[in-house]
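The following briefing sets out selected features of a protein chain, grouped by topic. Please read it alongside the sequence and the structure.

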Amino acid sequence: MPQRFRSCLAIATWGGVGLMLLLIGGLTEVSRAQQSTAPASVDTTQIAFNEAVRIALDQNTDIKRAQAGASEANVQVQAEWMDFAPNLNVTSDLSRRFGRNFSQVTGDFTTRSTDFFNLSGRSSITLFNGFENVASLRQANDQARASEQDLRRTRREVVFTVMEQFIALVESRENVRVRREALQARRQQLQQIQEFVDAGSRPVSDLYQQQADVADAEQQLLQAKREREVNRTRIIQTLQLNPRRAYTFAVPEVQEGALGEKTYELSALIDEAFENRLDLEVAKQERRAAEHGIQSARSSYYPSLSVGGSYGTDWTSRGRIPDPNNPNEFITPSFSNQLDNNRGGGISLSLNIPIFDRLQRNTQVERAQVQAQNAEYALQDQRQQVALQVRQAYLDYQNAVQQLEAANKRLRAAEQARTATQERYNLGSASIVELRNANSDYVDAASQQVRARYNLLFQQEQIDYHVGRLNPVAPMFGQQDE
């Protein structure tokens, strides 16, 4: 009795599992049918890789911010140039005085309201200010060059990001293909096992196990498709495209020759990076700008010399002059005559000698020296970072070569093992568990081989990027429609 009870319990358990798997499979098929009958979007934009690079260079916000920084630096250069030019101010004043006041025109006091009008111009130019204007101009030029180099560096970074995301997209697309082929293979095995079960040569538990494997393959395919859509979304974000629209990206095709092993020499790569890396040039320009900042701060120790001039005229309603015909009488000249008679100006030479400013100059110089020292430290850190990035890219490439070799060997072995296990299962000498493990190993090996191939391609491009060879306007891949 206990043995029969356990047998019945096992059959009931496997039957329940099979019923549940059949329900899951049915729901999956219904969902797939609904998706297949859903109307496809007709407003789909196809974008090739080189077109994506152009869009990124035009629309990416990081590049726009870098362009704004470069424009601001150029404006500062223009402002420093204008420090060498004279200034010119024209002022005019119209007023009315009430009550008792003294008139400089008549030379007496009056209690009546008086109108005044003044027009004057003033100009001055700095002859010497301790070479502060020269140092500030050089500092602005260095900062402008640093901003231009930073813009170029940002453009390269964006292009590298687009390339990385396209490689991730083609990798995920290949992974979808592998998962789809695996699902088709497991469905064919399910049909074969169904025939074995109907013929009585295999237990029904094998059928339930294979149904579970098919459901697992469907889930893996859905996960691979989700990863592909995530990679598409990342490209849309980088390109700043409209997320409401549908896009199809022509992913780059990996040529077989592109995956050939290349020979690199680490020391030569580091030297090349020191010559080509734009972030190093930015750090160098910023260091030079900080050194000119010290010169600008030290200029406050020197005297300054400037020359200026002014010229103007005025009018008043109480203006009076002696009558030419009767010297004892006074007349009020007209508006134009007063302006003509009251013209005058002057020239001034100003010398400013700093003696004591509560140590403000010392503070400015010390602050500028600290900034220059920090710029030097930043340059040293950047050189170290560049060398380490190149070293890491070099080691990652060597590892990627070995990973691809191992993945190719594993894929060949997994394919042979799957074929042999399938034949043994057909002959009845292998269990469903062995067949399932062989299939899982093959799918995993195929996925790892895809990842290894594109990882090797990415590591090759990463070496070019970290060395500074990447050209934003040069095409980097052939095109293949997705």
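**Overall picture**

The accessible surface of the protein chain comes to about 28400 Å², and 51% of that surface belongs to carbon and sulfur atoms; accessible areas come from the Shrake-Rupley method with a 1.4 Å probe, and for residues only the protein chains shown count as cover. This is a predicted model, in which local features need pLDDT of at least 70 and side-chain atom pairs count only at pLDDT 80 or more, while totals for chains, interfaces and linings use all residues. Residues are numbered from 1 along each chain as its sequence is written, and side-chain values use heavy atoms, with hydrogens and water left out.

**Architecture and burial**

- The protein chain has 10 helices and 12 strands, taken as DSSP runs (helices H or I, at least four residues; strands E, at least two) and numbered from the N terminus.
- Of the 482 residues of the protein chain, 37% count as buried, where buried means under 20% relative accessible area, exposed means over 50%, and partly exposed lies in between (1.4 Å probe, protein chains only).
- Among contacts (heavy atoms within 4.5 Å) with a separation of 6 or more, 84% are between residues 24 or more positions apart.

**Salt bridges**

- The structure holds 26 salt bridges, each defined as a side-chain nitrogen of Lys or Arg within 4 Å of a carboxyl oxygen of Asp or Glu.
- One of them joins Arg469 to Glu272, with the closest N and O atoms 2.9 Å apart.
- This pair links distant parts of the chain, 197 residues apart: Arg469 is in the loop between α10 (432–467) and β12 (478–479), and Glu272 is in helix α6 (residues 266–276).
- Arg469 is partly exposed at 38% relative accessibility, and Glu272 is also partly exposed, at 26%.
- Arg469 also meets Asp464 in a salt bridge (3.0 Å, N to O); Asp464 is buried, with a relative accessible area of 18%.
- Asp279 forms a salt bridge with Arg277, the closest N and O atoms being 2.6 Å apart.
- Asp279 is buried, with a relative accessible area of 14%, and Arg277 is buried at 8%.
- A network of salt bridges links Arg173, Glu174, Arg177 and Glu181.

**A buried arginine without a salt bridge**

- Arg156 is found in helix α4 (residues 132–199).
- Although buried, Arg156 has no salt bridge, and the nearest side chain of opposite charge, Asp279, is 8.0 Å away; Lys and Arg count as positive and Asp and Glu as negative, while His and the chain ends are not counted.
- Beyond its neighbours within four places in sequence, Arg156 contacts Asn276, Leu278, Tyr465, Gly468, Leu470 and Pro472.

**Aromatic pairs**

- The count comes to 11 aromatic pairs, a pair being rings of Phe, Tyr and Trp (its six-membered ring) with centres within 6.5 Å; planes under 30 degrees apart count as stacked, over 60 as edge-to-face and the rest as tilted.
- Trp81 and Phe84 form a tilted pair, 6.0 Å centre to centre with 50° between the planes.
- Trp81 is exposed, with a relative accessible area of 52%, whereas Phe84 is partly exposed at 34%.
- Phe166 and Phe249 form an edge-to-face pair, 5.9 Å centre to centre with 80° between the planes.
- Phe166 lies in helix α4 and Phe249 in strand β6, so the pair ties together parts that are 83 residues apart in sequence.
- Phe166 is buried, with a relative accessible area of 0%, and Phe249 is buried at 0% relative accessibility.
- Phe49, Phe166, Tyr247 and Phe249 form one aromatic cluster.

**The loop between α5 and β6**

- Gln240 is found in the loop between α5 and β6; its phi is near 55°, a positive value in a residue other than glycine.
- Gln240 is partly exposed, with a relative accessible area of 36%, whereas Leu241 counts as buried at 14%.
- Leu241 is found in the loop between α5 (204–239) and β6 (246–250).
- Leaving aside neighbours within four places in sequence, Leu241 is in contact with Ile47, Ile55, Gln59, Ile236, Tyr247 and Phe249.
- Leu241 and Asn60 are 181 residues apart in sequence and 9.4 Å apart in space, C-alpha to C-alpha.

**A nonpolar surface patch**

- Leu351, Ile353, Ile355, Phe356 and Leu359 form a nonpolar patch on the surface, with about 620 Å² of accessible area together.
- Patches are made of residues with over 30% relative accessible area and no salt bridge, with like charges joined within 9 Å and nonpolar side chains (Val, Leu, Ile, Met, Phe, Trp, Tyr) within 5 Å.
- Ile353 is placed in the loop between β11 (344–352) and α9 (360–427) and is exposed, with a relative accessible area of 52%.
- Leu359 lies in the loop between β11 and α9 and has a positive phi of about 65° although it is not a glycine.
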